[in-house]
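Thanks for making the time this morning.

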Amino acid sequence: MDEQYDIIVLGTGLKECILSGLLSVHGLKVLHMDRNDYYGGESTSLNLTQLWKRFKGNDTIAEHLGSSKEYNVDMIPKFMMANGALVRVLIHTNVTKYLNFKAVDGSFVYNKGKIYKVPATDVEALKSPLMGLFEKRRARKFFIYVQDYEESDPKSHEGLDLNKVTARELIMKYGLEDDTIDFIGHALALHIDDSYLDEPAMEFVQKMKLYADSLARFQGGSPYIYPVYGLGELPQAFARLSAVYGGTYMLNKPECKVEFDSDGKAIGVTSEGETAKCNKVVCDPSYLPDKVVKVGKVARAVCIMSHPIPNTMDSHSAQVILPQKQLGRKSDVYLFCCSYAHNVAAKGKYIAFVSTEAETENPELELKPGVDLLGPVDEIFYYTYDRFKPTNDPQLDNCFISTSYDATTHFESTVKDVLALYSKITGKELDLSVDLSAASAAAAAAEE
């Protein structure tokens, strides 16, 4: 196995698979290994038998749930923004041809104990029961400002430099109430806490525009799309891409020990007594535990149900965001639901996830406000996992380590990490100015 590779990638989690695909396309010689005998690492999808084994230690599944193989339960459930970075990466690499997408039915927000559709345009703002009459008018004006804002057109700026003005100052100019700021910041701009309020407003406005543009893309009830058969399809699609460009894949390789030279630089990986040499190593935190630090913990409940989430207009697939302030927390709680309509459960069954950043030693209690919104559940499993981020300097040790997946139910933060790693490894920015209609055609075909 004395071959020399440009890059050895360890772990077939989504981030690692996207990177091995992109790096192979970039012309680098890639070897991709995983200690598991399945794709996906932390971000794998499980059928019912696998789910039972993982959480109950047995495989005696209740008859009424249907066939095990009809289930694809994502361990890291996330939707994709229709115009977001992940879809751009899929189009850029032509991975869209391996996947079918379907629009997600609904996007909702929790406010004062109730679930509401997230209003995303000036027209929806006027109709939304989330706000009183006068607040609707103020919100409408704010939405129009955001919709018309173009960085390249100073006339649309209304005298504000969004690289200097903070999000808080911009919102104050329109006199919006706290509850309105809550849903705009967390359910539309998808910020995970309130620190964005004191940062330049540019990113906040761009994120709102991304939501509105994505929503307009499929004329559906939400800006999100999701693969038929679930996210387990994604790592494998990027693995195929890597293989097309000469990448080599090896699953079920125990240990995968990274080898270093006397200067502490990674020079290869050993498994089963054989060493493959390389210039750089890319991996998830579990392969280099002494180069990462724990930064938090995600708590999640997985529920199998026989009905949609109540008060979500009978949506087969939906996201509900519970902003932190509504619950007196430091971090948002996310509800994610999908069903047999996306081929991830048996007919008539729905899978709901409740996720949050754990703030106490009792995650079940923290997830309760979300679980309480689900109505009766057939089965419920709770689990937590630690979040890690790298502490090393890749320029010194040639190790490029991804950050663990967060609690959010959308991919924007995941892709940001992938693109940053890609730039560090190649010294180039990935050009994501693609023709977005390429995926809408694919998605439209999937809808039929």
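Which residues does Leu-160 touch, not counting residues up to four places away in sequence? In this model, which is a predicted one, Leu-160 touches Tyr-145, Val-165, Leu-170 and Lys-173. Leu-160 itself sits in the loop between helix H5, residues 133–148, and helix H6, residues 167–173. Its relative accessible area is 16%, and because the cut-off for buried is under 20%, Leu-160 counts as buried.

One of those contacts, Leu-170, takes us to the largest nonpolar core, which has 107 residues, and in which Met-80, Leu-170, Phe-204 and Leu-234 touch the most other members. Helix H8, residues 201–218, gives the most to this core, with 7 residues. Apart from it lies another core, of 22 residues, including Ala-301, Ile-309, Val-320 and Tyr-350.

Let me stay with Met-80 for a moment. Leaving aside its neighbours within four places in sequence, Met-80 is in contact with, among others, Phe-101, Tyr-224, Ile-225, Pro-227, Leu-234 and Phe-411.

That brings us to strand E9, residues 224–227, where Tyr-224 and Tyr-226 on one side and Ile-225 and Pro-227 on the other are all buried, so that both faces are covered. Strand E5, residues 80–81, runs antiparallel to E9 and is joined to it by 2 bridges, with Met-81 having Tyr-224 as its bridge partner. Strand E6, residues 101–103, also pairs with E9 in the antiparallel sense, over 3 bridges, and here the partner of Phe-101 is Pro-227.

Definitions and conventions:
Residues numbered from 1 in each chain as written. Predicted model: local features only at pLDDT ≥ 70, side-chain atom pairs only at ≥ 80, totals over all residues. Heavy atoms only, no water. Core = buried A, V, L, I, M, F, W, Y, C linked by side-chain atoms within 4.5 Å. Buried < 20%, exposed > 50% of the residue type's maximum accessible area, 1.4 Å probe, protein only. Helix = DSSP H or I, 4+ residues; strand = E, 2+ residues; numbered from the N terminus. Contact = heavy atoms within 4.5 Å. Pairing = 2+ DSSP bridges.
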